[in-house]
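Okay, thanks for coming, everyone.

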Amino acid sequence: MADQPRRKSSERGRESALDPAPPANKRRRISLACNACRVRKSRCDGQRPACSSCMSLGFDCQYEPNESATNVIVRKGYVSDLEQRMPSARAAPRASETHATGLEEPQDEDAPTNGMAMTFVEEQSSAFFGESSNINFTRLLLQSIAAVHQASTAVKPALYKDAALGESIIAGSISQSQPFHPTAASSTHPDAGPTILPSVEEMDSLLDIYFDTAGAVFPFIHEEGMRRTYTECRLNGFTRARRTWLGTLNMIFAMASSFDRDRVASAKKRFERSNIFYKRALGLCGDLSKRVISLEMVHYLLLVVIHCQGTQRSVQAWNNHGLAIRSAIALGLHSHSTRRAVDPVNEEYGRRTWVVIYCLDKVLSVAFGRPASIPEEQMIGRDKISGLSPHALSGPPQQHRFTG
């Protein structure tokens, strides 16, 4: 009988051990502890603007997340709240801007894929500048100054650095190796996408400026055909356009912005505005120009070469000029018999395009002191190149691929 109470008490203790204990008061977990509590490795209650521990000790309480913080607590429903707020957070297009949609993409059989997460370091550019280049003239000038002041030992190491030094001497404050980030723009944000266009009034003005300035000096783009395509795209709200044509249009705007002194008086502001259109054109056709060959793409490349040569981007001008030459030869623009196989308007503008390429080849060869890329026999015995009037022919050029 004495064992029975003992057995009941033991069973009662076993049952109490199996029953779940009432929840204890757990310490509230905070997402971020203050700096003082993290340094002292003490418990922080996360109160703002100052935790109770810092207030009691008289410390300056600051909350700064460290780079290795990975224990950030996200409350329940935070992601769903963000998803509901996303549509309203998206910035609506400005009333003065136009978005080009429905771009006609050329077929890409070598679509690149990159699933690697990698950070690239800055590339250093170096190039050869020959005797006729302004870089070489600057070197000779510095050598002469060093000889006069008898300080050749101090100046000479700086004379034979790579092209980045030479470019900085000629270009002033514009650096080759540093990407340019415009700080202001007259009509659009510099980070806007490549399919955003300015207002219709501004586009009309820039087209007029281009064909009155650069388009008159380098008349390889058929003005009537360009304006006709522009009018068609404007009427359909830019819902359907060729990517190469839109890239060429942005390059036209980039060059025209440099001459738009009536709208923008400051040269710095004109450069920033021009650079926005240049970046958009690169976003549209920068990679495409290496995979697609067409007369329109050659025109885009020529505009890039002319623009880069006028903005101290010698490396980009030289490389894109070489790409323009190879694309033009692939189209057969160097062949007089090939051009005769097309209609007169395309034949004339194919000839003009090749003449501009040849003239730019000579100009860049002298400017950089490097051998010319186009041999002389490609122009010997040709028609005279004096007839480059922008209004020599009328009628829209047909979309045609030159074949060799």
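When I say two residues touch or are in contact, I mean heavy atoms within 4.5 Å. With that in hand, let's start at S53: leaving out residues up to four places away in sequence, S53 touches C37, R40 and R43.

Quick housekeeping. This is a predicted model, where local features need pLDDT of at least 70 and side-chain atom pairs count only at pLDDT 80 or more, while totals for chains, interfaces and linings use all residues. Residues are numbered from 1 along each chain as its sequence is written, and side-chain values use heavy atoms, with hydrogens and water left out.

Back to S53, which lies in helix 3. Helices here are DSSP runs of H or I with at least four residues, strands are runs of E with at least two, and both are numbered from the N terminus. S53 is buried, at 16% relative accessible area. By buried I mean under 20% relative accessible area, exposed is over 50%, and partly exposed is in between, using a 1.4 Å probe and protein chains only. S53 and C37 are 16 residues apart along the chain, and their C-alpha atoms are separated by 7.9 Å.

Now the annotation for this part of the chain. UniProt, in an unreviewed entry, lists residues 33–63 as "domain: Zn(2)-C6 fungal-type". UniProt positions are given in the numbering used here, feature names are shortened, and annotations may be inferred rather than shown by experiment. In the model, the end C-alpha atoms of residues 33–63 lie 7 Å apart, and the span is 39% helix and 0% strand.

So what about cysteines? A disulfide is a covalent bond between the sulfur atoms of two cysteines. For counting, that's a pair of cysteine sulfur atoms within 2.5 Å, and the structure holds zero of them.

Most residues other than glycine have a negative phi, and most peptide bonds are trans. R48 and P49 are joined by a cis peptide bond, with omega about 5°. P49 is found in the loop between helix 2 (35–40) and helix 3 (52–57). K41 is found in the loop between helix 2 and helix 3, and its phi is positive, near 55°. F238 has a positive phi as well, near 55°, and is found in the loop between helix 10 (223–235) and strand 4 (241–242). Which of these is buried and which exposed? K41 counts as exposed at 76% relative accessibility, whereas F238 is buried at 1%.

Let's zoom out. The protein has 16 helices and four strands, and 37% of its 404 residues count as buried. Among contacts with a separation of 6 or more, 71% are between residues 24 or more positions apart.

Last stop, a helix pair. Two packed helices are described by the angle between their axes and the distance between the axes. Helix 14 (residues 314–331) and helix 16 (residues 344–368) pack at about 145°, with axes 11 Å apart. The axes are lines fitted to C-alpha atoms, for helices over the stretch in contact, and angles run from 0 to 180 degrees between N-to-C directions. Who makes the contact? Helix 14 contributes residues including W318, H321 and I325, and helix 16 contributes residues including W354, D361 and F368.

T353 is found in helix 16 as well, and T353 is buried, at 0% relative accessible area. Neighbours within four places in sequence aside, T353 is in contact with F220, L295, V298, H299, L302 and L333.
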